[in-house]
Structure formats: C-alpha cells, structure tokens
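This briefing covers one protein structure. Please keep the sequence and the model open while reading.

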Amino acid sequence: MLGFPDFLAPQKDNDLMRTISPLIALICCTIMACSGGSSGGTTTTDEGTTDEGTTDEGTTDEGTTDEGTTDEGTTTGCAVLNDDDDTITFQEAIELDGLSHTHGAMAATDAAVHACSGNKVISFDPCMAETPTETDLGGSCKAIGTRGDTVVVSSDDGKWQLLTGDNNTGPSARTLRLNETHIFAALGVDGVATAPIDLSAAATSYAIGTDVRDTLPMAGGLVIGNGIHGLSWATLKDGVPLLTATKLELTGTVMGLTPITEKRFIVTLTGNGIAVIDVDDNGLNIVGELDTPGLASAVAVNAAGYALVADWNALRLIDMSDPAKMKIIARENFGTGKLGAEASPNQLGRALGIVSVGNTWIALGLNAVTRVDINPDIQVAELSLANSLIQISVMPGESGSTGLLFPNTGRMALEVNNIQPGDSRIAITDLFGSSEKEGVDMFVEPGDTGFIALGAEGKAGLETTISFTTNDPDNATVSIPVVINPLLVDKNDTAPDFVAPSVDGQMIRLSGLKGQVVYMKLFNGL
C-alpha cells in the first residue's frame with residue numbers, strides 16, 4: 001500500500017476538485033432508493049402527551065414516568081406512544097428550517113440533541129417533551145460536534161462556534177468530531193481541519209488529496225474516512241494529524257464513522273451498508289460487514305447493543321450481539337408525514353442521520369428530526385417493495401408484461417390479499433409465493449420473495465393502479481401507480497425537481513443548480 005508523507009501539507013487550492021464536486025455526477029435513482037416506496041406508516045403523535053405522563057382522551061397513565069418503559073431490562077427514558085404493533089415506531093417530530101446537507105448536521109450530548117436548522121441550532125430534550133431552544137448563527141449551520149457538555153458548530157460564514165458563545169475562524173465542515181483537547185473537521189476535497197477544543201485559536205486546514213467525508217479521534221489517533229478511497233489512520237501530535245501508511249480499502253463510499261468502544265467503530269458505506277472495524281497494533285481490521293438495501297449514511301448504537309442505520313429511504317434495526325454476524329431485524333420506511341401540507345414527500349422521506357441517547361433515538365431527515373422508539377421483541381412481516389411506479393411499454397399488435405416482487409424482510413410470514421388491478425387492460429398472468437395458505441392470495445415466508453406477473457393490452461396510454469392489502473403494519477393497504485406507454489421526457493422539456501446526493505455526499509436540490517452545467521447518471525439498480 002502507498003503511504004502518505006508524515007506531515008500533512010498545509011491546505012492549497014484545488015480548483016479542479018472544487019469545480020467538479022458540486023456537480024451531480026451520480027444520482028442514484030434506483031426505484032427503491034429515490035422514488036419513495038409505498039408506505040402505510042405515518043408519524044404517530046399524541047396531543048395528550050405531557051411532562052407529567054402520557055394521557056389518552058383525558059386519562060393519565062401514572063405508571064409512565066420520566067424513567068419510561070423498559071425494554072429487555074433497560075429504560076427507554078421516554079413515554080412510548082404506541083409500542084405494541086411494530087418493532088420501530090415514529091413518535092414526535094420537529095420541522096427544520098432549510099435543507100440538511102449531511103449526517104453531520106445533528107449531534108447529541110447526554111442530556112440534549114442539537115440539530116442544524118437554517119441559520120440557527122435547535123437544542124431539545126431527547127423525548128421532545130419541551131419546546132426547543134434556539135441559538136442564532138452568523139451563517140447557515142453545516143455541522144455540529146459534541147463531547148460531554150461541549151457543543152461546537154460550523155457555519156458557512158467561516159466561523160466555528162461554541163454554544164456558550166466563544167467562536168473563532170474555521171472552514172465550513174461536513175462533520176465535527178471532538179476529543180479531550182481538539183476539534184477535528186472533515187472538509188471534503190479540502191481535507192481536514194483542527195482547532196483547540198476551547199477555540200482559543202483559529203482552525204488550521206490540511207490537504208490530503210482525498211474526499212474526506214468524516215473523521216473519528218480514537219485510540220490516540222485519528223481515523224479518516226476518504227469517500228471511495230476507504231480509511232486511513234493518522235497519529236496525533238498536539239492536535240496535528242500525522243498520516244501513516246496504514247490504510248484500509250473498503251467496498252462502497254465511506255460516509256460516516258461511529259465509535260462503539262475505545263478501539264472499535266462502525267463505518268457506513270453508501271451502497272454497501274455498514275462494517276465494524278477494530279483499531280489495533282496491526283492497523284485497521286474488519287470484524288464484520290452487513291449490506292443494507294438503501295444508501296447508508298449514519299448509524300448509532302444504543303445502550304442495549306442494537307444499531308439503527310439511516311439508510312436513505314428507511315431506518316434499519318441491526319442486531320449487534322455478534323459483530324461478525326450482524327443481521328437486520330426490522331425496517332421502517334422513513335417519513336414524518338404530518339409536517340404540513342406544503343412539505344414535499346421527497347424531502348420528508350429521506351433519512352440522513354441518527355443519534356441515540358440511552359435507548360432513545362433521534363433521526364435526521366432532509367427537513368425534520370423525528371424521535372424513534374424500538375421494541376426488538378415485536379416480530380412483524382415486512383414487505384420491502386422496490387417499485388413505487390410500474391411502467392409497461394406495449395408495442396402495436398403486441399402485449400406488454402412486467403413483474404412485481406414481494407420480498408419479506410421481516411420475522412413473520414407475509415400475507416398478501418385483495419390484489420386488484422385498477423383497469424381491465426391490466427391482468428395478473430402469474431402469482432406465486434413460498435407456499436399456499438387457505439384464504440391468502442400470496443403467502444411469503446421470512447426471507448423469501450413472492451412474485452406477481454402482470455400483462456397489458458392496447459397501445460393507448462393509460463394511468464391506473466394495482467392495489468392489495470398485507471399484514472405488514474407499515475403497508476396495510478398499498479396502491480402502486482401503473483402506467484402503460486408513459487410519456488417520455490424529451491429534449492428541452494422542463495426537468496422535474498428533486499433532491500439527491502452529489503458526488504461529495506451532500507444533498508443537493510436540482511433547482512438550486514439552475515444556470516449551471518449538471519452531469520447526471522440515472523440508473524435502475526434492480
């Protein structure tokens with residue numbers, strides 16, 4: 001493996017990389033990841049929830065206290081609104097000002113969660129029982145880092161700021177990480193930056209020639225996540241990172257680094273899930289890997305040893321009892337749902353970040369933060385539909401056909417019933433599951449996949465649906481649009497607006513690039 005110089009060179013301009021990176025070179029438009037699959041689940045709120053306990057139509061459950069309910073012997077810390085029908089449930093939500101750009105826009109202390117919200121930071125208790133406090137910034141909030149009670153914020157006005165008020169000069173950061181003495185920032189193609197933890201001096205930047213997505217100070221050194229170039233290791237001398245020859249190549253794009261112990265961490269790999277890594281005298285070593293279906297950007301581990309992954313179109317609960325044999329035990333389609341009629345589902349339906357405080361979880365979406373509760377004891381069927389739109393092309397004088405997969409990623413058998421095409425031109429030509437069960441149209445065992453073959457007649461355009469019911473609590477009733485011979489986007493047509501990750505991993509809205517040359521790669525990953 002090629003090593004780097006011992007001392008990182010002071011930052012220099014890299015005009016080519018700075019020009020290319022904002023362009024959308026890769027827009028992962030798999031139907032599953034970007035289209036927003038059908039979901040019957042919505043955020044559950046309870047206007048009767050108070051600081052004194054959980055009320056329900058005027059009655060108070062005095063058994064629910066600030067200590068919360070218990071889950072396998074550990075306290076949740078928050079009153080659970082509904083924990084008896086699904087493994088993962090959404091609870092309270094807070095809308096944010098502006099668009100979150102990376103998973104680094106949220107961090108937690110032992111007592112509070114802090115999130116970027118436009119030109120300010122909102123701070124709130126993990127249970128979301130009280131009104132958030134706000135801290136104004138001189139520019140747009142980009143990243144937040146915490147250690148103990150210390151909270152540091154990076155904004156795009158060239159400042160790093162402590163929530164206590166002290167500030168100093170620092171570049172706009174993707175993520176901020178803290179150890180006992182220093183702050184470490186990931187700067188993308190501009191490398192890394194460091195500053196004293198009290199901001200008594202301005203930040204110093206170092207170029208390393210890679211696209212730095214995250215850093216993690218641990219075990220006396222600094223792990224650097226280099227996007228498509230894997231991981232590298234630096235020792236620290238008075239807060240200055242000294243790169244070593246230690247590197248670890250990984251499959252996928254490194255997005256986030258999350259500590260588990262003093263010498264073990266999890267790396268999220270967009271397009272390839274997560275990996276558990278150990279730091280020892282022999283370097284960086286893979287303990288276990290687990291692929292996830294979405295675009296993993298962040299992960300948190302709670303006090304009970306479960307991991308929750310922000311996987312773009314869903315949250316996925318991981319059993320971490322054996323890091324070498326991790327397994328997904330639950331999935332919840334991500335979306336806050338009730339944050340105003342004007343909110344775009346494309347904004348609300350994307351999970352970027354996740355933090356845990358005890359056994360309470362907070363998920364960061366593109367424009368909202370949502371409290372999430374889990375109960376690993378509850379087992380449900382989970383229909384992981386890849387299609388949110390079915391398109392069938394029919395040539396003159398011929399029939400068109402396509403298929404619909406029904407993967408069951410849950411821990412109970414999936415039952416599908418009442419399958420109904422919305423028009424007589426759409427016919428079900430074949431259907432099969434794991435086995436037959438009386439009274440069930442399709443029966444799919446956990447880990448198996450059912451299938452429906454669809455046929456279409458006639459060349460005239462048609463927009464209709466196919467609908468069905470399931471025993472998946474998140475997909476009790478599903479209706480999928482079906483289009484025969486859809487109109488195609490032609491040259492000079494207005495492009496539809498959407499949000500997608502750029503090559504440097506930040507969220508970009510297409511309309512925000514108006515007037516610029518934009519390179520896009522569209523593909524179906526199925």
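Is His229 buried, partly exposed or exposed? His229 is partly exposed, at a relative accessible area of 40%; buried means under 20% relative accessible area, exposed over 50%, and partly exposed in between (1.4 Å probe, protein chains only).

This is a predicted model, in which local features need pLDDT of at least 70 and side-chain atom pairs count only at pLDDT 80 or more, while totals for chains, interfaces and linings use all residues. Residues are numbered from 1 along each chain as its sequence is written, and side-chain values use heavy atoms, with hydrogens and water left out.

**Overall**

- The protein has three helices and 44 strands; helices (H or I, at least four residues) and strands (E, at least two) are DSSP runs, numbered from the N terminus.
- Of the 526 residues in the protein, 52% are buried.
- The accessible surface comes to about 23,300 Å², with 49% belonging to carbon and sulfur atoms; these areas come from the Shrake-Rupley method with a 1.4 Å probe, and for residues only the protein chains shown count as cover.
- Among contacts (heavy atoms within 4.5 Å) between residues at least 6 apart in sequence, 57% join residues at least 24 apart.

**Surroundings of His229**

- His229 sits in the loop that runs between strand E21 (221–225) and strand E22 (231–237).
- Leaving aside residues up to four places away in sequence, His229 touches Thr210 and Glu249.
- The C-alpha atoms of His229 and Gly252 are 8.8 Å apart, and the two residues are 23 apart in sequence.

**Disulfide**

- The count is one disulfide, defined as a pair of cysteine sulfur atoms within 2.5 Å.
- Cys116 is joined to Cys141, with an S to S distance of 2.0 Å.
- Cys116 belongs to strand E9 (residues 113–117) and Cys141 to strand E12 (residues 141–147), so the pair ties together parts 25 residues apart in sequence.
- The disulfide is left-handed because the torsion about its S-S bond is about -50°.
- Cys116 is buried at 6% relative accessible area, and Cys141 is buried at 6% relative accessibility.

**Aromatic pairs**

- There are three aromatic pairs; rings of Phe, Tyr and Trp (its six-membered ring) pair if their centres lie within 6.5 Å, with planes under 30 degrees apart counted as stacked, over 60 as edge-to-face and the rest as tilted.
- One of them, Phe432 with Phe451, has ring centres 5.6 Å apart and planes at 40°, so the pair is tilted.
- Phe432 lies in strand E38 (residues 426–432) and Phe451 in strand E40 (residues 449–456), so this pair ties together parts 19 residues apart in sequence.
- Phe432 is partly exposed at 42% relative accessibility, and Phe451 is partly exposed at 23%.
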